[in-house]
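Grab your viewer and work through these exercises with the model open. Each one comes with a solution in steps.

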Amino acid sequence: MKRFFASITKEILLILRDKAGMVLLFLMPVALVFIMVIIQDAAINSLNDNKIPLVMVDRDRDTLSAKIRSGILGSGNFSIVETINGDSISPAEAQQLVADGKFQIGIILPSGASDTLRSNAKTVVKKSFFEIGIIPVVPSDTTYDSIDIVVYFDPSLRAASKTAISAMISEYAVRTEAQMVYKMYAEVLTSLLPEGKEFKSEYPEVINYRESYATENLTTIQPNAVQHNIPSWTLFAMFFIVIPLSSSLIKEKEEGTYLRLVTMPGSYTTIFLGKIFVYLIVAIIQFFLMMMVGFYLVPVMGMPSLVIGHDYIALAALVLSSALAAIGFGVMIGTVATTNQQAASFGAIIVMILAAIGGLFMPSYMMPASVRHISDFSPMYWAHESFQDLFIRDAHLETIAPRLLKILIFAAACYMVAFAYKRFKKVK
């Protein structure tokens, strides 16, 4: 046990004396997660918080344009501009304003659009009544007129905004047309009834849209940038242990410390376990620092506080497994590398690649299909998806158990590679 505690003391002193390493291990992750949460939260919520101004030329001034206008303003995401310096905007001017980048969206509603819808609705009703024999005379006009609603988009506009405005115009146009057809049926039926009687019926709004999140226990946890970024950068910080840990192992080889340690009475494994124990504590401290950022620091900036679910045993198991995997990776790199430059550059690049394909920088569901196929080979993906299960879906240990097993297998494989390489070098 003396060798074990001596190893712990040595590693702690090495970490405390390495000021740059302390910054890398503790201050950099805190600053990084804080900045990234602010940036991504602003990007995610910019559509809701900052209304996008659009220019509208309303030549209809009737039912259809009123419905579209009401839907656009009711979404809370857009504001409508119809005049510049008190003057009305022409279609050509609207196009030019969007082309010049002064507005990102321009909508042109043609004159008579609502009248065209009414005419089409009347034709639909008369044709249907004629076909079933209610109206004996063939309608004189059985053609349908089209309506051209022109929408100009700035090339820099996000795809989400384009989809939102297009879907909104389409929805309200279809809804208005359906209501007109229904109203026209009522008018024609009234004309067929005895004098003094009227067909009355209201067009009901029976479809209600309710947004909810699918979770097993109907949790009220709301996904946001905080819930994604805190576990992402916690894992990133943990795996960046590869740099100071591999550096420590390489220094022991370069300065002869390793030879002195292995020639001492007792097993070197005890000393090695002391090193792992110290970096395990470092990883746990990193985790708690990140949690404090999520609990107390980001709410100061007006963002929602971090929510971590309710299965704390599962969370503890996930943190320990992730830390062991990160330390195992650092041990493997430090054992195989021959210089600090090799360990630092190669380790950092591999961590960045594993983080990128693991969904730490961008949610995995937003990646191309070809990348999603290889995501499942990243230990960071297993850990991050498990954090998402616990933090967002309020899952339990049995849900993340298969991924925990993968993480522990990865950790064991790293340690085995390190020991096998060390033994191979010794035999050689």
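Before we start: two strands count as paired if DSSP finds at least two bridges between them. Keep in mind that this is a predicted model.

**Exercise 1.** Work out the strand order of the open four-stranded sheet, and find which strands stand at the edges.

*Solution.* Step one: follow the pairing across the sheet, which gives β2-β1-β5-β6. The pairing is mixed. Step two: look for strands with a single partner; these are β2 (78-81) and β6 (150-153). One side of each has no neighbour in the sheet, because each pairs with just a single strand. Step three: check the twist, which averages 25° from one strand to the next.

**Exercise 2.** Take β1 and β5: how many bridges join them, and do they run parallel or antiparallel?

*Solution.* Start with the ranges: β1 covers residues 52-58 and β5 covers residues 105-109. Five bridges link these two, and the strands run parallel. For a spot check, go to Val 55, which sits opposite Gly 106 in β5.

**Exercise 3.** Find which strands helix α3 touches as it packs on the sheet.

*Solution.* Select residues 63-74, which form α3. Now list its strand contacts, counting heavy atoms within 4.5 Å: the helix touches β1, β2 and β5. Then compare directions: that of α3 makes about 135° with that of β2.

**Exercise 4.** Zoom out and describe the whole chain in numbers.

*Solution.* First, the secondary structure: 15 helices and six strands. Next, burial: of the 428 residues, 42% are buried, taking under 20% relative accessible area as the cut-off. Last, the surface: the accessible area is about 23,200 Å², with 63% of that belonging to carbon and sulfur atoms.

Conventions
Residues are numbered from 1 along each chain as its sequence is written. This is a predicted model: local features need pLDDT of at least 70, side-chain atom pairs count only at pLDDT 80 or more; totals for chains, interfaces and linings use all residues. Side-chain values use heavy atoms; hydrogens and water are left out. Buried means under 20% relative accessible area, exposed over 50%, partly exposed in between (1.4 Å probe, protein chains only). Accessible areas come from the Shrake-Rupley method with a 1.4 Å probe; for residues, only the protein chains shown count as cover. Axes are lines fitted to C-alpha atoms, for helices over the stretch in contact, and angles run from 0 to 180 degrees between N-to-C directions.
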